[in-house]
Amino acid sequence: MDLAARTAAFYYSVIDEFCIIIMAILLFTTLIDADRNKYRLRLINLMLSLTVFCVVDIFWVLVYWDVLPKTQFLRMLSNVFLYVAINACSFSMFLLLTGCLELVQPVKFDRRLPFIPFFAMIALTLTTPLTGWLFSIAEDGELVRSFMYIPFMVIIMGDLLLSSIRATIMAFRPENEANKELCLLVAFYGLPILIGGLLRAFFVSLPSVALGTSISVILFFVMQIREQVSMDALTHVNNRKQGERFFIRQIQAINQKVEEAEGGLYLFMADLDKFKGINDSYGHAEGDNALVVTAEALREACAKYADKCMLCRFGGDEFVLGGMFWSDEQAEGFCTMLKVAVAKKCAEKSLPYTISLSIGYERYRKEFKTLKGLLTAADKKMYERKRAARRS
């Protein structure tokens, strides 16, 4: 083996080893977390699949560059393992993408159907030493692709491409406006491994599958951390810290202006009426469900004002919304729309109780100076309306 081949094998292996180390760190971080939801389990499955692939890929490159004896048997064995591992990585990514999209829209097909092409491609790969349908090994140890090679690549990569297309279409449907960002992210997540697989099909000595899949996993992990930092764990809307950050930025921009612009920044404080009664009558689990349903309704309503509206859970049963509105009349109409949206969502969910909101709002004026003054004014108006509702 010449120096160039030895160097190529070394750097190829280093890239795979680097990916293994990254996956080990991410796996450890994920496994020590107590959360074991379906999304997290599918992410763990993808990381394990990639780790196995990288180990197999190292074995493959050592045979490919004659570090290990380049016999027909070892070449056949290394390629069989390699294509089984590629299939597993691609399918694991497909399951993860599908799981993300299920958060937006439940699948309408039999969940077992995607497993059919997966197991079919596994069977095709494992029987290739006997049939030669996927590839064969020449006497000089080189791989010769057979008639099923292109259909094999189309099938295992086609799932990712279809998931990306589906996510893109869902992102631009009006009913999914509230989850547009999630859909676009899902559409992008599958591209690194898809590109890596296509590059590997044309450049066999390029470690593009390991790199592409690692990039996808890291992107998922980063977005997961971002969600934990910025999202309320129960309702999956912005948490208080994110809400405060939004208002502080807007207030600072307004304070720096010499003249007040037409329209203004409005803060809405929404509180569930008789929430304690729901907890006392139906239990705290149902109380949590009431908060989730309310957040879902508010999020969908805010999607119509996505260019100027922010929603966060401020604490307990209080939600804070904010955005730019032209007048008090428009803000009042927004309050009415929120109440209607919550009532409609309760009817859709067939809840055994009714959820109603008391909403107070205030437009920011420079005399408030800070967020605290704006919050106090909106909170005061909310409790005035709540007391008025009780009297009536």
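**Entry 1: two loop residues**

I started at Ser 350, which lies in the loop between helix H12 (328-349) and strand E6. Helices (H or I, at least four residues) and strands (E, at least two) are DSSP runs here, numbered from the N terminus. The model is predicted, so I kept in mind that local features need pLDDT of at least 70 and side-chain atom pairs count only at pLDDT 80 or more, while totals for chains, interfaces and linings use all residues. Numbering runs from 1 along each chain as its sequence is written, and side-chain values use heavy atoms, with hydrogens and water left out.

Ser 350 has a positive phi of about 55° although it is not a glycine. Most residues other than glycine have a negative phi. I noted Ser 350 as exposed, because its relative accessible area is 60%; the cut-offs are under 20% for buried, over 50% for exposed and partly exposed in between (1.4 Å probe, protein chains only).

Where is Lys 274? I found Lys 274 in the loop between E3 and helix H10 (275-282). Lys 274 also has a positive phi of about 55° without being a glycine, and a relative accessible area of 73% makes it exposed.

**Entry 2: the sheet**

Next I traced the sheet: four strands in the order E4-E5-E3-E6, open, with antiparallel pairing. Two strands pair if DSSP finds at least two bridges between them. The edges are strand E4 (309-315) and E6, each pairing on one side only. I read an average twist of 20° from one strand to the next.

Strand E3 (residues 264-272) and E6 pair over seven bridges, and I saw that Ala 270 has Ile 359 in E6 as its bridge partner. E4 and strand E5 (residues 318-325) pair over six bridges; there, Cys 309 has Gly 323 in E5 as its partner.

Is E6 enclosed or open to the outside? Strand E6 (residues 357-363) is largely enclosed by the rest of the structure, because six of its seven residues are buried. Helix H13 (residues 371-391) lies across E3, E4, E5 and E6, running at about 140° to E6. Axes are lines fitted to C-alpha atoms, for helices over the stretch in contact, and angles run from 0 to 180 degrees between N-to-C directions.

**Entry 3: the cores**

The largest nonpolar core has 61 residues, and Met 47, Phe 53, Tyr 83, Phe 152 and Phe 220 touch the most other members. Such a core is a set of buried Ala, Val, Leu, Ile, Met, Phe, Trp, Tyr and Cys residues joined through side-chain atoms within 4.5 Å. Helix H3 (residues 72-102) gives the most to this core, with 15 residues. Apart from it I noted another core, of 32 residues, among them Ala 270, Ala 295, Ala 301 and Cys 346.

**Entry 4: cysteines**

How many disulfides are there? I counted zero disulfides, taking one as a pair of cysteine sulfur atoms within 2.5 Å. The sulfur of Cys 302 has its closest cysteine sulfur in Cys 309, but at 3.4 Å that is too far for a bond. For Cys 19 the closest is in Cys 54 at 4.8 Å, also too far for a bond. Cys 19 is buried, at 1% relative accessibility, and Cys 302 is buried at 7%.

**Entry 5: Asp 232**

I ended in the loop between helix H8 (208-230) and helix H9 (240-256), where Asp 232 is found. Asp 232 counts as buried, at 14% relative accessibility. Its side chain joins that of Arg 313 in a polar contact of 3.2 Å.

Key. Polar contact = N/O pair within 3.5 Å; in protein donor to acceptor, adjacent residues only side chain to side chain. Contact = heavy atoms within 4.5 Å.
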